[in-house]
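Work through these exercises with the structure open. Try each task before you read its solution.

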Amino acid sequence: REPWRMAAVWLARAFPMGAPDLPWHGRRDPRLLRSVLAIAERGVASPPTSSCGRLFDAIASLLDRVDVASYEGEAALALEALASEAPREGPNERRAEPSPEPVIAIAPLVRDVVSGILAGTSRAVLARTFHEALAASLAAAAIAHARREGLDAVVLTGGCLQNRLLSESLGRQLEAAGLRALRHHLVPPGDGGLAVGQAAVAAAHLASPGGSPGISLSIRHD
């Protein structure tokens, strides 16, 4: 509901000695900001999250788009729309280098955005660059894991894969590395697909020996 809170915590993580002053700080109540950071530091009512959506929230706030969301996914949609205003880099698109560990380093992405803001780079270009950098990081981790496990395909799923810029950039980089990028076609990659999966698990459970009579699950193609 309040993407600025995620931005506050990621700024603190990316700049442990203190974040540089940004236009973002001008919209903050200093006392509330200190309280949020103290709560996060103590881990009180602030569980860690690996959600990609929360990262989009943070960057959307830092780029002055959405501090308080009025509907689900507003910040991520605003960030994608902003990125779409910037020209594509084409052949200069950032490419993934296989990572030794399937871990995404977020602090460098945040520092790059902040550096761009301080340098006066347009918000649209920074949003586009963030999308490409995140896609490259995700691709690097996926490529390394696929090679380690002898896999030839990667499944792209999750709510953030509704973001066309992220999905297309990630897919191109995986395919350039010789991997098949499997995408959703009949069900959405977000909560709608999750609900279908839950229904499928329930159907399988009910149809198992000793279970209740199975339920019928079908997907309309229209």
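**Exercise 1.** Are helix 3 and helix 6 roughly parallel or roughly antiparallel to each other?

*Solution.* Keep in mind that this is a predicted model.
- Step 1: Find the two elements. Helix 3 covers residues 52-62 and helix 6 covers residues 123-149.
- Step 2: Read the geometry. The two helices pack at an angle of about 155°, and their axes are 12 Å apart.
- Step 3: Apply the cut-off. Angles over 145 degrees count as roughly antiparallel.
- Step 4: Conclude. Helix 3 and helix 6 are therefore roughly antiparallel.

**Exercise 2.** Find which residues of helix 3 and helix 6 meet, then sort them by class.

*Solution.* 
- Step 1: Take the helix 3 side. Cys-52, Leu-55, Phe-56 and Ile-59 make the contact there.
- Step 2: Take the helix 6 side. Phe-130, His-131 and Leu-134 meet them.
- Step 3: Sort by class. The contact of helix 3 with helix 6 has six nonpolar residues, one polar residue and no charged residues.

**Exercise 3.** Decide whether His-131 is buried or exposed, and trace its contacts.

*Solution.* 
- Step 1: His-131 lies in helix 6.
- Step 2: Check its accessibility. The relative value is 2%, so His-131 counts as buried, since buried means under 20%.
- Step 3: Look for a polar partner. The side chain of His-131 makes a polar contact with the side chain of Asn-163, at 3.0 Å.
- Step 4: His-131 then touches residues including Phe-56, Leu-79, Glu-80 and Leu-165.

**Exercise 4.** How many of the 11 residues of helix 3 are buried, and which helices do they pack against?

*Solution.* 
- Step 1: Count. Nine of the 11 are buried, so helix 3 is largely enclosed by the rest of the structure.
- Step 2: Name some. Among them are Gly-53, Leu-55, Phe-56 and Asp-57.
- Step 3: Find the partners. The buried residues pack against helix 1 (3-14), helix 4 (74-84), helix 5 (107-119), helix 6 and helix 7 (164-176).
- Step 4: Take one case. Asp-57 has a relative accessible area of 11% and is buried. Not counting residues up to four places away in sequence, Asp-57 touches Pro-3, Ala-75 and Ala-76.

**Exercise 5.** Which residue caps the N-terminal end of helix 3, and which takes a positive phi just after the helix?

*Solution.* 
- Step 1: Start at the N-terminal end. Ser-51 is the cap, with a side-chain oxygen 3.1 Å from the backbone nitrogen of Gly-53.
- Step 2: Go past the other end. Just after helix 3, Asp-64 takes a positive phi of about 65°.

How values were computed: Residues numbered from 1 in each chain as written. Predicted model: local features only at pLDDT ≥ 70, side-chain atom pairs only at ≥ 80, totals over all residues. Heavy atoms only, no water. Axes fitted to C-alpha atoms, helices over the stretch in contact; angles between N-to-C directions. Helix = DSSP H or I, 4+ residues; strand = E, 2+ residues; numbered from the N terminus. Parallel < 35°, antiparallel > 145°, perpendicular 65-115°, else oblique. Contact = heavy atoms within 4.5 Å. Nonpolar A, V, L, I, M, F, W, Y, C, P; charged D, E, K, R; others polar. Buried < 20%, exposed > 50% of the residue type's maximum accessible area, 1.4 Å probe, protein only. Polar contact = N/O pair within 3.5 Å; in protein donor to acceptor, adjacent residues only side chain to side chain.
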